[in-house]
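Student: I am new to this structure and would be grateful for a close look at a single part of it. Please take the salt bridges as the subject.

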Amino acid sequence: MRVMRGLILLFATAVVPTLASAQTYPSKSDPRNNLKSGRLDAGVAASNMKLLSFTPKPAQFDTVRGLTFVNSDLAFGTHYVYQANFAGFSIWDITDPAKPTMTAVVQCITSQGDPSIYGNLLFISAEGAGNRNDCGSGGVQDPKDHMAGVRIFDVSNPKAPKLVKNVQTCKGSHTHTIVPSPTDPRTIYIYVSGQQAARPETELAGCKNGSDPADPTNSLFQLDIIKVQLDRPEQAKVIPGARIFTGLDGASECMRFCAPTDARRAAGRARPVADPTMPTGPRNCHDVTAYPAMNLLAASCSTHSILVDISNPEKPFRISALADTNNYQGRHTAAFSNDGKKLIQTDEWGGGTGPMCQASSMIELGGNTVISLDAKKKQNQRAYFKLPSAQTAEENCVSHNGGIIPVPGRDLYVQGWYQGGVNIMDFTDPDKAIEIGYFDRGPIDPPQPVDVPAAAASAAPGARPRSNTIGGSWGAYYWNGLIFSSELDRGMDILELTPSAQLSANEIAAAKLVTFTDYNPQSQPKMTWPAAFVVVRSYLDQLVRGNGLASDRTTAIYAALDAAEMKSGLARATALNALALQVDKDIAGAKDGARVKTMAGEIRRLAAASK
């Protein structure tokens, strides 16, 4: 969830065609439309996934008082899920994911508390004026007690986490991302996205607000970086930050990416008064996503998508930047395709508290955009995607956090949409992003009574406008075979994929072969699959689904795989190598020759593993 602080948003006036989209938005017949309301008894609609378990919020956080006690993001380690909250965090043991058990609840006022886990260290973001060094409530009376930055907890005993360090930063930490050192396994870097103005130097020495992005003493135009030595976390310190904004302005690429002027663009977003002394480009990022295996970082920075080289985490540099200010004005979170050739950027239109998924809302705002990267890492915008159901005026709904589902041969992204629920986007074809699954509940609050019009109620003397409960999925992530969703108001959902015409049993089984001990979605891991029959069959299922190879050949290949699987050792390897030679001959005449070629390679890899 974001709060816009001093960001200058430019609304272009050029009138040109919108970027082509394959999506029909929204569908009038979607099962998610008009679900029954209710906090714990709302109506449910699901496709290609089912609810395995729902765990309510712990009593310490079970309140709907504004944003003070809402759940936020998730981090994953061994058999624990770390669920952050604006007032602390919970640790869940998911040894039995059908019945998660509470391991610990830590009360600690920390604003949104963005979490990351690395070994036995849990990192928690802190931003805002009310956070104290001692984690206490009641606000900050003395500036020396103010905490804004990243808290470090030792969770080696998950039943009794210990606060070992408050790392203070000039702008606080709205979110943060771990970047491991490529040369020292005992060192990590925390890239910090702070949304605040710089704190007074009287509160934290060295902090300075300024208008020159190139000024190295200016705290604003940079990502803060914290260096952490894992065996001495109490000595973690801020080092010179990442100055990736110099030379950027607010100009958009409206010759290609702007849609006609539409009054709905301004809905849910105030236009701040421009400060004539400040540059018009970005000075903060809401979130950055690292892909350490490829030395890349994708930064979501208001008007700009910025790609950064992090091969030396202490000296990052900008590779490319893409702006689309008329349509995409609040870039929030990014994700890479597993091969690093595509990016997703999400847009949190309205800040996450407004109903931006109604039938009257725009597809170009409040959803995802797909970007391709060329050989030189230049970004090229391709398509928009938005949740295709018509959510109600009572549901805060907009694109939010997610991660990749490891299905070989496809690019699948699962994410939360607040009260729009959880959905899965297939962006394998960057020009035709489509939805292939979802899980959604009805709104927490019932609709306004028809005999009490909202305008009349708010116009009554002393009346306040109705405020709907803020809830829904903050983020949804695939980890070790399951999907985990942090529900702001209700608790935590654990979901599992179910096969259908859009997602086969083989693809689901292949995804389960990819496992990680720790997982932080904003520090994206490289996904690899062992040689396996379900991996080969996943590619074959995709060829059938997309008519990429003649049906007589796919039928024959299924039969040959079945026959080979019945063998063992050298006999299996021989049969698979013979099949690979046959599949090689299919490449030239196939509609999807690239996928056929990849499948042949997987057959050979399986043969090698069978000897």
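Which residue's side chain meets that of Arg 410 in a salt bridge?

Tutor: This is a predicted model, and the account below should be read with that in mind. The side chain of Arg 410 meets that of Glu 507 in a salt bridge, with an N to O distance of 3.2 Å. Arg 410 lies in the loop between strand S23 (402-405) and strand S24 (412-416), whereas Glu 507 belongs to helix H3 (residues 505-511), so the pair ties together parts that are 97 residues apart in sequence. Both Arg 410 and Glu 507 are buried. In total, the model contains 26 salt bridges.

Another of these bridges joins the side chains of Asp 586 and Arg 553, at 2.9 Å from N to O. Because Asp 586 sits in the loop between H6 and H7 and Arg 553 sits in helix H5, this pair ties together parts that are 33 residues apart in sequence. Asp 586 has a relative accessible area of 12% and is therefore buried, the cut-off being under 20%. Arg 553, with a relative accessible area of 22%, is partly exposed.

A further bridge connects the side chains of Arg 595 and Asp 592, again with an N to O distance given as 2.9 Å. Here Arg 595 counts as buried at 18% relative accessibility, while Asp 592 is partly exposed at 23%.

Ile 557 touches Asp 586, and its other contacts include Leu 540, Leu 549, Leu 579, Val 583 and Met 599, leaving aside residues up to four places away in sequence. Ile 557 is also one of the residues that touch the most other members of the largest nonpolar core, which has 39 residues; Phe 427, Leu 561, Leu 576, Val 583, Met 599 and Ile 603 are likewise among them. At least two residues of this core come from each of helix H4 (533-545), helix H5 (551-565), helix H6 (569-584) and helix H7 (593-610). A second, separate core has 26 residues, including Val 179, Ala 242, Phe 245 and Val 288. In soluble globular proteins, nonpolar side chains tend to be buried together.

Key:
Residues numbered from 1 in each chain as written. Predicted model: local features only at pLDDT ≥ 70, side-chain atom pairs only at ≥ 80, totals over all residues. Heavy atoms only, no water. Core = buried A, V, L, I, M, F, W, Y, C linked by side-chain atoms within 4.5 Å. Buried < 20%, exposed > 50% of the residue type's maximum accessible area, 1.4 Å probe, protein only. Helix = DSSP H or I, 4+ residues; strand = E, 2+ residues; numbered from the N terminus. Contact = heavy atoms within 4.5 Å. Salt bridge = Lys/Arg side-chain N within 4 Å of Asp/Glu carboxyl O.
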